[in-house]
Amino acid sequence: MNGLLSTTGLLARVLPAEAETAETYADPPGLPLFPAEEAVIARAVDKRRREFTTVRHCARAALERLGALPGPILPGERGAPAWPEGVVGSMTHCAGFRGCAVAHAGDLRTIGLDAEPAAPLPDGVLDAIALPEERAALRRLGAGVPWDRLLFSAKESVYKAWFPLTRRFLEFHQARIELDPDGGFTATLLVAPPSTVTGPLTGFTGRWIHRDGLVITAIAVPV
Ligand SMILES: CC(C)(COP(=O)(O)OP(=O)(O)OC[C@H]1O[C@@H](n2cnc3c(N)ncnc32)[C@H](O)[C@@H]1OP(=O)(O)O)[C@@H](O)C(=O)NCCC(=O)NCCS
């Protein structure tokens with residue numbers, strides 16, 4: 001797909017129709033940033049500048065389709081992006097992929113999105129992030145999918161969906177993931193959400209896809 005931006009690609013397959021998505025496999029040169037975004041990234045190395053800029057290019061395309069006014073998308077508390085009023089969303093970038101999903105807050109309560117290269121986790125990472133029962137479940141899954149990386153990605157998506165609702169950190173061992181080989185997953189929260197959260201929050205369901213050298217996980221919680 002080169003530098004072209006797609007609004008009907010992998011993300012659209014793992015998110016509901018209420019979410020507007022945009023993704024790209026490359027960094028088109030010369031993309032603009034708002035001055036406030038420039039200020040955030042002024043001292044960053046080239047790799048960080050490129051992922052920051054391109055994913056915001058994706059976000060602007062998705063926001064435009066949602067009807068939101070253009071503006072800077074700044075990292076807020078603990079790095080969570082500050083979306084326009086009435087919008088929820090999530091962004092991800094990894095080698096060879098940048099993507100964003102947004103929705104009206106009246107349609108979706110939160111979104112969590114994560115893309116990873118489809119390769120096994122580096123040595124030691126699985127032990128650090130997985131519960132014993134999660135590691136046991138991975139051993140029962142078939143070949144062909146880097147399940148350990150998918151588990152990691154699902155946990156990242158959980159955190160990105162959890163944080164905007166709770167404004168709290170979530171440890172890797174505080175959610176138990178069950179991967180469904182058919183493209184779904186469930187996350188059970190092993191901690192209670194803070195009392196500031198309105199409505200029940202005991203876990204999440206999500207979808208995943210393994211394609212084009214990537215694993216992508218996505219959570220979208222209906223209102
Ligand atoms: C924040 C974190 C989830 C980012 O994931 P990552 O795989 O390293 O990076 P990605 O490229 O996929 O995502 C980066 C984007 O996530 C978003 N993000 C960062 N912090 C966030 C937060 N607290 N809440 C929601 N989104 C966040 C940002 O948009 C960021 O891009 P930007 O800096 O260009 O704006 C990860 O670095 C982290 O801190 N994880 C620890 C917590 C965790 O995962 N717990 C597991 C609970 S089961």
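Me: Which residues is Glu20 in contact with, leaving aside its neighbours within four places in sequence?
Reply: This is a predicted model. In it, Glu20 is in contact with Ala62, Arg65, Leu66, Cys100, Ala101 and Val102, once neighbours within four places in sequence are set aside.

Me: What joins the side chains of Glu20 and Arg65?
Reply: The side chains of Glu20 and Arg65 are joined by a polar contact of 2.9 Å.

Me: And where does Glu20 lie? Is it buried or exposed?
Reply: Glu20 lies in strand β1, which covers residues 20–24. Its relative accessible area is 19%, and the cut-off for buried is under 20%, so Glu20 counts as buried.

Me: How far is Glu20 from Gly89, C-alpha to C-alpha?
Reply: Their C-alpha atoms are separated by 9.2 Å, while the two residues are 69 residues apart along the chain.

Me: Let us turn to the ligand. Where does it sit, and how many residues surround it?
Reply: The ligand sits in the largest pocket. It is surrounded by 22 residues, of which the closest are Arg48, Arg56, Thr92, His93 and Glu156.

Me: Which elements each supply at least two residues of that shell?
Reply: At least two residues each come from α3 (46–66), β2 (87–94), β4 (108–117) and α6 (147–166).

Me: Which one gives the most?
Reply: Helix α6 gives the most to the shell around the ligand, with five residues.

Me: What about individual atoms: what lies 2.7 Å from an oxygen atom of the ligand?
Reply: That is a polar side-chain atom of Thr92. On the backbone side, a polar atom of Leu170 is 2.9 Å from a nitrogen atom of the ligand.

Me: How much of the ligand does the protein bury?
Reply: Taken alone, the ligand exposes 940 Å², and the protein buries 83% of that.

Me: What does Thr166 touch, not counting residues up to four places away in sequence?
Reply: With those residues left out, Thr166 touches Pro193, Pro194, Val197 and Leu201.

Me: Another threonine, then: where is Thr205, and is it buried or exposed?
Reply: Thr205 has its place in strand β7, residues 203–211. It counts as exposed because its relative accessibility is 53%.

Me: What does Thr205 touch?
Reply: Not counting residues up to four places away in sequence, Thr205 touches Phe185, Thr186, Ile219 and Ala220. As for Thr188, it is 17 residues from Thr205 in sequence and 8.8 Å from it in space, C-alpha to C-alpha.

Me: One last topic, backbone angles. What is the phi of Arg78?
Reply: Arg78 has a positive phi of about 50°, although it is not a glycine. Most residues other than glycine have a negative phi.

Me: Where does Arg78 lie, and is it buried or exposed?
Reply: Arg78 lies in the loop between α3 and β2. With a relative accessible area of 58%, it is exposed.

Me: And what is the phi of Asp212?
Reply: The phi of Asp212 is near 55°, which is also a positive value in a residue other than glycine. Asp212 is found in the loop between β7 and β8 (214–222).

How values were computed. Residues numbered from 1 in each chain as written. Predicted model: local features only at pLDDT ≥ 70, side-chain atom pairs only at ≥ 80, totals over all residues. Heavy atoms only, no water. Helix = DSSP H or I, 4+ residues; strand = E, 2+ residues; numbered from the N terminus. Buried < 20%, exposed > 50% of the residue type's maximum accessible area, 1.4 Å probe, protein only. Contact = heavy atoms within 4.5 Å. Polar contact = N/O pair within 3.5 Å; in protein donor to acceptor, adjacent residues only side chain to side chain. Near = heavy atom within 4 Å. Areas by Shrake-Rupley, 256 points an atom, 1.4 Å probe, with all protein chains shown as cover. 1 Å grid on protein atoms, 1.4 Å probe; cavity = no way out; pocket = protein on both sides within 12 Å on 5 of 7 lines; lining within 4 Å. Sits in = over half its atoms within 2 Å of the grid points.
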